[in-house]
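Here's a quick briefing on how one chain is put together. Take a look at the sequence and the model first, then work through the points below.

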Amino acid sequence: VQLVESGGGLVRAGGSLRLSCAASGSIFSIYDMGWYRQAPGKQRELVATIANDGSTNCADSVKGRFTISRDNAKNTVYLQMNSLKPEDTAVYYCYAQVLTASYYKYPYWGQGTQVTVSS
């Protein structure tokens with residue numbers, strides 16, 4: 001199973017970015033998907049998650065600015081980030097709880113995509 005992220009980059013404060021993460025491989029189904037981030041010198045933290053029924057959870061720091069969504073037919077999760085702030089600068093990692101074709105449940109991570117917000 002592979003998770004491939006895209007959409008990171010450099011943006012000015014107040015701007016927007018949309019991250020995408022597509023899962024591929026020996027997948028039977030996907031439970032939770034989500035995004036975490038890690039800033040330099042800090043621990044990885046939850047940004048937002050979405051269950052396969054569409055219910056979502058997000059960090060207080062991004063509520064009202066970030067929106068998570070998913071396309072189950074494409075095994076893809078998205079993160080729309082608006083009103084970006086310099087403190088949102090981090091490497092963003094995609095996450096998926098996958099039930100493989102062998103019926104083995106396992107968490108998978110993407111390679112990370114850099115988001116840099118300039119002031």
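With which side chain does the side chain of Arg-37 make a polar contact of 2.9 Å? That partner is the side chain of Tyr-92. A polar contact here is a pair of N or O atoms within 3.5 Å; within protein, one must be able to donate a hydrogen and the other to accept it, and residues adjacent in sequence count only if both atoms are side-chain atoms.

Before going on, keep in mind that this is a predicted model, where local features need pLDDT of at least 70, side-chain atom pairs count only at pLDDT 80 or more, and totals for chains, interfaces and linings use all residues. Residues are numbered from 1 along each chain as its sequence is written, and side-chain values use heavy atoms, with hydrogens and water left out.

**Arg-37**

- Arg-37 sits in strand β4; strands (E, at least two residues) are DSSP runs, numbered from the N terminus.
- With a relative accessible area of 6%, Arg-37 is buried (buried means under 20% relative accessible area, exposed over 50%, partly exposed in between, using a 1.4 Å probe and protein chains only).
- The side chain of Arg-37 also has a polar contact of 2.7 Å with the side chain of Glu-45.
- Leaving aside neighbours within four places in sequence, Arg-37 is in contact with a list of residues including Arg-44, Phe-66, Asp-88 and Val-91 (contact means heavy atoms within 4.5 Å).
- Arg-37 and Leu-84 are 47 residues apart along the chain, and 14 Å separates their C-alpha atoms.

**Arg-65**

- You'll find Arg-65 in the loop between β6 (56-58) and β7 (66-71).
- Arg-65 counts as buried, at 10% relative accessibility.
- Its side chain makes a polar contact of 2.7 Å with the side chain of Asp-88.
- Not counting residues up to four places away in sequence, Arg-65 touches several others, among them Gln-80, Met-81 and Leu-84.

**Strand pairing**

- Strands β1 (residues 2-6) and β3 (residues 17-24) run antiparallel and are joined by five bridges (two strands pair if DSSP finds at least two bridges between them).
- Val-4 stands opposite Ala-22 in β3.
- β3 also pairs with strand β8 (residues 76-81), again in the antiparallel sense, over six bridges.

**Aromatic rings**

- The structure holds six aromatic pairs; rings of Phe, Tyr and Trp (its six-membered ring) pair if their centres lie within 6.5 Å, and planes under 30 degrees apart count as stacked, over 60 as edge-to-face and the rest as tilted.
- One of them is the tilted pair of Phe-28 and Tyr-103, at 5.0 Å centre to centre with 55 degrees between the planes.
- Phe-28 lies in strand β4 (residues 27-38) and Tyr-103 in the loop between β9 (90-100) and β10 (105-109), so this pair ties together parts that are 75 residues apart in sequence.
- Tyr-103 is exposed, with a relative accessible area of 59%.
- Tyr-95 and Trp-109 make another tilted pair, at 5.1 Å centre to centre and 55 degrees between the planes.
- Tyr-95 is in strand β9 and Trp-109 in strand β10, 14 residues apart.
- Tyr-95 counts as buried at 15% relative accessibility, while Trp-109 is partly exposed at 36%.
- Tyr-36, Tyr-95 and Trp-109 form one aromatic cluster.

**A charge over the rings**

- Arg-44 lies over the face of Tyr-93, at 3.8 Å from the ring centre (a charge sits over a ring if NZ of Lys or CZ of Arg is within 6 Å of the ring centre and within 35 degrees of the ring normal).
- Arg-44 also lies over the face of Trp-109, at 4.8 Å from the ring centre.

Terms used. Helix = DSSP H or I, 4+ residues; strand = E, 2+ residues; numbered from the N terminus.
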